[in-house]
Amino acid sequence: MNILKSHKKGIIFALALFVGIPASFANEPNLCAPFKHNSLIDQSLVSSMLQAAERGDLYLVQPTISNFGFEVQSVIGRIEAEFTTFQGGISLQEPEDPAQGRTLVRVETDSLKTNGFLVRQMLKGSEFFDVRNFPEVFFASKELRRISPTEGVLEGDLTLRGITKHVVFRVDLSNLDAMTIKSTEVIKIKATTTIQRSEFGMDAFPDLAEDDVDLSIQVVAARYAN
């Protein structure tokens, strides 16, 4: 399985990211609420994100113009899907700051959408996302590392079906000037990676769908104002 690529290559997994944030999430004391006191999330990271909000370095994802999707090759062709309900954010400071790019993302699995009722129900069922028992997916990262002026690497922990694995996203930073981040109010980030669904307990029907899943995020995020 391959999750999230854009333009027919996959739905983009852009991680600039307090993704899809409802209005209540953007106001204290509810900021970071889905992540506070959550055993799956390093609480020092939550504290860091709240400190970024106080400094004005936190960006909140705009849900209506952001996208979190995935793709997988199957015997019936390429299956494309996306999640429509998600929350998240990313802190961005000066390029040399070690806290650059700290990220938290939460996705509601029941918001999965795809063409075809039967495919959608299968993906939501116990063999795959098992939305009844695992209603949330989390991604947490402590650093966004630039490897070129237009590309970065975002390493972190992805928790899916209660299983946490280390993943690495390749991030398109062509729309993000590292030298002018302090004056940037809106950012655009795209990120992609490939995971193996079997590593997250989704090993059903290996003859019907590939193990590789392309994940992709495309996010537009706005600076949080206290």
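This is a predicted model: local features need pLDDT of at least 70, side-chain atom pairs count only at pLDDT 80 or more; totals for chains, interfaces and linings use all residues.
**Entry: where Thr159 sits.** I looked up the element that holds Thr159. Strand E8, residues 151–160, contains this residue. Is Thr159 buried or exposed? I found a relative accessible area of 4% for Thr159. The cut-off for buried is under 20%, so Thr159 is buried. Next I listed what Thr159 touches, leaving out residues up to four places away in sequence. The list reads Leu40, Glu136, Val137, Phe138 and Thr164.

**Entry: confidence.** The average pLDDT for the protein is 83. A score of at least 70 is reached by 83% of the residues. Residues 1–29 have a pLDDT below 50. This stretch still has 170 contacts in the model, beyond near neighbours in sequence.

**Entry: salt bridges.** I turned to charged side chains. Opposite charges on side chains can pair when the charged atoms come close. How many salt bridges does a search of the whole structure find? The search gives 10. I looked up three of them.

**Entry: Glu71 and Arg78.** The side chains of Glu71 and Arg78 form a salt bridge, at 2.7 Å from N to O. I compared how each one is placed. Glu71 is buried, with 0% relative accessibility. Arg78 is partly exposed, at 33%. I also found that a network of salt bridges links Glu71, Arg78 and Asp214.

**Entry: Arg145 and Glu155.** Arg145 pairs with Glu155 in a salt bridge, and their closest N and O atoms are 3.2 Å apart. Which strands does this pair link? Arg145 lies in strand E7, residues 136–148, and Glu155 lies in strand E8. The two are 10 residues apart, and the pair links distant parts of the chain. Arg145 is partly exposed at 37% relative accessibility. Glu155 is partly exposed too, with a relative accessible area of 32%.

**Entry: Arg170 and Glu151.** I found a salt bridge of 3.0 Å, N to O, between the side chains of Arg170 and Glu151. Arg170 belongs to strand E9, residues 163–172, while Glu151 belongs to strand E8. They are 19 residues apart, and this pair also links distant parts of the chain. I read a relative accessible area of 41% for Arg170, which is partly exposed. Glu151 is partly exposed at 28%.

Key
Residues are numbered from 1 along each chain as its sequence is written. Side-chain values use heavy atoms; hydrogens and water are left out. pLDDT is the predictor's confidence in each residue, from 0 to 100. Contact means heavy atoms within 4.5 Å. Helices (H or I, at least four residues) and strands (E, at least two) are DSSP runs, numbered from the N terminus. Buried means under 20% relative accessible area, exposed over 50%, partly exposed in between (1.4 Å probe, protein chains only). A salt bridge is a side-chain nitrogen of Lys or Arg within 4 Å of a carboxyl oxygen of Asp or Glu.
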